[in-house]
Amino acid sequence: MDRFVTFTGVVCPLDRSNVDTDAIIPKQFLKSIKRTGFGPNLFDAWRYLDHGEPGMDNSRRPVNPEFVLNDPRYAGASILLARENFGCGSSREHAPWALADYGFKVIVAPSYADIFYNNSFKNGLLPIVLNAATVDALFDQAQGSEALTLTVDLDAQQIRGGDGGPIGFDIDPFRKHCLLEGLDDIGLTLQHVDDIRAYEAKRRVEAPWLFK
Amino acid sequence: MKAKTLYDKLWDAHVVREEADGTTLLYIDRHLVHEVTSPQAFEGLRLAGRPLWRRGANLATADHNVPTTDRSRGIADPVSKVQVDTLDQNCAEFDIVEFGMNDPRQGIVHVVGPEQGATLPGMTVVCGDSHTSTHGAVGALAHGIGTSEVEHVLATQCLIQKKSKAMLVVVDGTVGPGVTAKDIVLAIIGRIGTAGGTGYAIEFSGEAIRDLSIEGRMTVCNMAIEAGARAGFVAVDAKTIDYVRGRPFAPGPEHWDRAVAHWQTLHSDDGAEFDRVVVIPAAEIRPQVTWGTSPEMVVAVDGAVPDPAAESDPVKADGMRRALDYMGLHAGTPITEIRPDKVFIGSCTNSRIEDLRAAAAVAKGRKVAAGIRQALVVPGSGPVKAQAEREGLDRIFIDAGFEWREPGCSMCLAMNADRLEAGERCASTSNRNFEGRQGQGGRTHLVSPAMAAAAAVTGHFVDVRDL
Ligand code: SF4
């Protein structure tokens, strides 16, 4: 995973609560064998006017001009501003895969569904929790005539660039460490290669039939 | 020394390292792989340029998407075909042993593992599938994992885990004739609920569990996940050791005695403490039939569809009403008046040889009732199918009007062509009766193989003991 240090990007305001994983990436796309390539179908049912199926040429589909992702103001947005209980529904990892594949790096919301929150970190997405009033204020700014650009400083745990000065946020120290160092779970575990090898060596003696 | 539970013993033997907060790096002895949850994990390895940690720990088979009819022409559905082909390619690239679609050993991953001796007592076993709990029947610690974890195991042979709490479910005394492992586990879920096991690893014990064959214990452990527990297991006894002996992946003569000596320690010590103990008198368990859209919505076959109005918890009552609506049922209807349109005998819960024997014993000399549109028998694996054919079970089924199919998941989750149409009602030996599980709008009643066969030949649910 890439290291996450400071990050500056345009904010896309998705003004709905309880956005579920099926809305983030509809289930007909789950039969894919890849974890990349979900970006063009992120929010598919909201984003396009026709019904999406895997294998379609998305560039030729009619887009829904009303949907915020299609607003030219938010082109290239990489920070998603959302409402409460974002990511509820199934446990599949396709939802964070789709968001990351589209280009989002940060989500800001008052709350998240638990599994989605965990899965986000596993996939290098930073989900930030802010209180509802702060989120409201950010929505006001992001929905203004000019797009809002924010800088997320993970090390300082600060969001800068909004009207009201820097906004602090909380994050579990271990998760912060992993993102800063670019460690995914596998990377972390591989820091303990010697322990795994030592364990295996011992087990090969104790229970050799397991290593046929 | 402190008395240990079986769970403690299995867990402790696999700790690679433990952090102060209990986060543990747990070593995984066996990783089973199938086509649905593995492609992104292999892709992740490739993207990160990471090698496989230990190829011999992995065993793969295609099951969810494979057709159960003639396979000589391949898979018709292009999306299913891609998943199965991708598994073949990944296994070839990473040099993993795979039982491909046309291998005689192919089958449902949870049938194949124990059958091959690839899951052994004392192992940690994982697979990207929630019904991995099945393998606990041989005294293994086995549970399902997500795709990121599949990749994690491929790359490190470990999982990052926190230990669950320990629950002991004691099925006390003996069950009556005609009452099977499926009825036992449905009764357990009816008693503790689908969230009753959340946060726990369940050890199943008691005379009724010891009386079960290893296959029967697999049926019970298979549905531990439907009770909310990630893992379910049974202590090793002489039956376990007899079951394992001589299987292709089992220890050979050079290690056999040592392995057995170790396996014989795999039981909870006297005086071991559990966080929760549930005791169910076996004699009270009758053949079970689910009536709703959750496995806990279950009654005995001589009962009736329950009345939401009699439920004091308003949330539960509401759930019951929605379930009855979806299932097209009315409160008070006797279970024996419910008439399925289809019958499915199969799935990782009930597709082993003794399941097919039990169903065939009921089907023998009878005919599938006129009201049944389709009655499928789908063996769990190639070896199960071959064994059944040696015993002539296929003839019994075919003569009675059942279809005899090739092994796979089939109508358990309707990812291949076998499915229910909207509104169709099915007597099914699988494990999930969720909305749409067997096809959009399909209505599932979970039962044992004998009860499914009995419903097929009478056209309605019936107490198999009355037949
Ligand atoms: S038979 Fe059903 S429950 Fe079992 S692995 Fe296949 S789909 Fe899953």
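Why is helix α8 (residues 214-222) of chain B largely enclosed by the rest of the structure? In this predicted model, local features need pLDDT of at least 70 and side-chain atom pairs count only at pLDDT 80 or more, while totals for chains, interfaces and linings use all residues. Residues are numbered from 1 along each chain as its sequence is written, chains are lettered from A and ligands numbered from 1 in the order in which they are written, and side-chain values use heavy atoms, with hydrogens and water left out.

**View 1. Helix α8 of chain B.** Because 9 of the 9 residues of this helix are buried, it is largely enclosed by the rest of the structure; buried means under 20% relative accessible area with a 1.4 Å probe, counting protein chains only, and a helix is a DSSP run of H or I with at least four residues, numbered from the N terminus. Among the buried residues of α8(B) are I214(B), R217(B), M218(B) and C221(B).

**View 2. Surroundings of the ligand.** The ligand is surrounded by residues of chain B including H64(B), H110(B), D129(B), H131(B), C409(B), C412(B) and R437(B), each with a heavy atom within 4 Å of it. This shell divides into 4 nonpolar, 5 polar and 2 charged residues.

**View 3. Chain A.** The C-alpha trace of chain A spans about 70 × 45 × 25 Å along its principal axes, and 50% of its 212 residues count as buried. Among contacts (heavy atoms within 4.5 Å) between residues of chain A at least 6 apart in sequence, 63% join residues at least 24 apart.

Terms used
Helix = DSSP H or I, 4+ residues; strand = E, 2+ residues; numbered from the N terminus. Nonpolar A, V, L, I, M, F, W, Y, C, P; charged D, E, K, R; others polar.
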